[in-house]
Amino acid sequence: MEWREAEKKACEYLRSLGYLIVARNWRWRGGEVDIIAKDGTTLVFVEVKARSGTGFGHPAEVVDARKREKILMAAKAFLGPNTGRMPVRFDVIFLLGGEISHLKGAFMEGD
Amino acid sequence: MFAKVLSGTPFGVEAVLVEVQCDVSPGIPGLSIVGLPDKEVTEARERIRSALKNSGLPFPDLRITVNLAPADLRKEGAGLDLALAVAVLGAAGEIPQERLLGCVFLGELSLNGELRPVRGVLPVALAAREAGIERMLVSIDSAPEAALVKGLSVYPIPDLRTAYAFLTGAQEIRPLPHRIPEAGGPRTWLDLALVKGQLHARRALEIAAAGGHNLIMVGPPGTGKSLLARCLPGILPPLSLEEALEVTRIYSVAGLLPQGVSLLRERPFRAPHHTISYAGMVGGGAGIPTPGEITLAHHGVLFLDELPEFDRKVLETLRQPLEDRRITITRAGVSVTFPASFTLVGAMNPCPCGYLGDSQRPCRCRPHEIQRYWRKLSGPFLDRIDLFVRVPRLSREELLGEGDGEPSEVVRERVRAARERQRERFGAPLTNSEMNLKEVKRHCVLSREARNLLARAIDHYGLSARAYARILKVSLTIADLEEADIIRPEHIAEALQYRPQKEGET
């Protein structure tokens with residue numbers, strides 16, 4: 001599955017949950033994040049990972065410390081002076097074959 | 001939101017209550033712990049998160065800041081885990097703050113949310129009572145230890161889920177009633193009935209027990225020095241409750257309390273190997289110092305086998321605790337005082353080969369080797385030893401005979417009576433060995449004949465002032481064993497036999 005397609009699927013999935021998509025492929029300096037969405041009042045930064053199979057390892061293994069750092073940086077940049085005004089969460093969505101799994105609160109700062 | 005939860009951390013043989021303050025705010029999710037946590041406390045972060053998740057409890061997606069007060073005290077151990085988890089739940093609004101008041105939480109969390117026992121439960125429980133805290137939540141294994149403290153409701157908690165249910169009022173838990181066990185801890189001693197012959201050494205052991213005197217046994221290998229030493233705790237009077245609590249507190253802090261034992265009621269017997277380090281002997285280590293062998297032997301016996309093989313520096317450090325009955329250890333910024341009131345029993349050979357003066361085998365040592373061997377024990381160290389006794393090879397008849405000596409029980413009764421006399425004399429549970437010069441003068445009443453004998457001994461042996469006081473102390477203990485109020489010549493004569501006699505010196 002191509003990454004564009006995977007992200008589209010992930011957005012559809014999030015919308016089906018009632019999330020509001022705020023931005024996609026948001027990047028700033030060193031930081032980048034696939035999807036920014038709103039779950040009620042919570043701002044959610046979502047990383048999307050897709051694999052056709054587990055041959056190259058489970059997608060969960062791919063969100064390593066470096067990747068998390070990039071997402072964190074993007075989040076800080078996106079929030080700017082609004083940091084602390086609203087709850088924030090970091091999610092990871094895996095697409096493995098045709099299946100979607102959603103890891104809410106997958107990590108936090110300092111992991 | 002903000003929550004405040006109490007816990008405790010061991011400090012020396014005491015404990016300090018720690019206030020776990022937790023604040024959550026929206027923002028980038030994260031958990032940071034401040035307030036001088038050590039590595040184990042910092043790692044609590046991972047345990048708490050997993051434990052909450054696996055207990056089906058929410059871990060808030062919020063910025064969590066935990067502060068441990070007082071901020072200048074180093075927090076050690078995983079015992080703060082439970083308090084941290086409860087504080088996070090409280091700050092997230094899952095547990096009402098008023099349920100957290102007046103309660104101390106102590107326990108380590110495993111990843112699945114189970115509560116594990118930690119060291120230092122008794123000191124924390126005592127500190128809690130001192131501070132007027134009424135409730136304590138601990139693991140099931142730790143609960144009997146906390147229940148030694150009267151006036152504290154101890155709630156045994158299996159896991160985090162149960163703690164949550166209890167604190168939200170969803171589940172009732174009955175507090176463990178206050179209980180002091182009659183017995184506890186492994187037996188530390190052997191029965192004197194096992195010892196064949198060695199009447200002289202048995203007698204010295206009895207005097208050592210009665211007056212709290214330090215003892216050195218000198219004899220060739222295999223004559224029963226170690227066996228005799230192991231009999232000593234068994235002829236000492238049983239620990240009083242107060243002493244038992246002191247001993248238990250030490251072992252609790254050191255993490256050496258055997259599983260299933262809440263109160264140690266046997267006198268400790270410690271026999272460290274001669275390769276022991278300075279810190280192992282007196283206490284120390286990284287961070288907050290932990291108790292050493294002399295503290296683990298508190299109210300019991302410290303047995304040093306092969307005495308001259310010990311590092312000289314290690315032996316010299318014993319001088320101060322032998323005098324003061326406690327030791328103060330100062331490390332970068334922390335100073336801790338440990339109790340160390342023990343009876344020292346040393347065993348050694350008369351010479352490096354071991355057979356000097358033996359009836360069967362010749363000694364192969366050269367005079368200067370023997371001198372060097374004995375020189376490892378310094379004068380000031382030997383000054384603190386009241387009793388010296390030879391433990392010679394047994395004769396064939398003694399070896400073949402049955403162990404026919406008195407059992408420990410009989411000896412213990414005499415020791416108990418002698419100690420009772422001393423308690424009345426000093427108005428406190430002190431022993432003759434702890435007398436200072438003034439007290440020696442006041443309490444040692446000699447008959448005229450005894451005074452004459454002592455005067456002759458001073459001239460004959462050239463006794464120093466210190467040796468003189470030592471002989472008087474031992475004489476008083478011998479008199480106490482006979483329930484005599486006045487020291488008679490035979491008491492002095494016996495005490496003179498136990499004065500130090502170094503080999504290889506003219």
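Chain B carries 22 helices and 18 strands, counted as DSSP runs from the N terminus (H or I of at least four residues for helices, E of at least two for strands). This is a predicted model, where local features need pLDDT of at least 70, side-chain atom pairs count only at pLDDT 80 or more, and totals for chains, interfaces and linings use all residues. Residues are numbered from 1 along each chain as its sequence is written, chains are lettered from A and ligands numbered from 1 in the order written, and side-chain values use heavy atoms, leaving out hydrogens and water.

**Overall build**
- Along the principal axes, the C-alpha atoms of chain B fill a box of roughly 85 × 45 × 45 Å.
- Of the 506 residues in chain B, 54% are buried, meaning under 20% relative accessible area with a 1.4 Å probe, protein chains only.
- Take the contacts in chain B with a separation of 6 or more: 74% come from residues 24 or more positions apart, a contact being heavy atoms within 4.5 Å.

- Chain B exposes about 22000 Å², with 50% supplied by carbon and sulfur atoms (Shrake-Rupley method, 1.4 Å probe).

**Two domains**
- Across the boundary, 17 residues of domain 1 of chain B touch 20 residues of domain 2 of chain B.
- The two domains of chain B bury about 1500 Å² between them, 68% of it from carbon and sulfur atoms; that is accessible area (1.4 Å probe) lost on being put together, summed over both parts.

Note on methods:
Buried means under 20% relative accessible area, exposed over 50%, partly exposed in between (1.4 Å probe, protein chains only).
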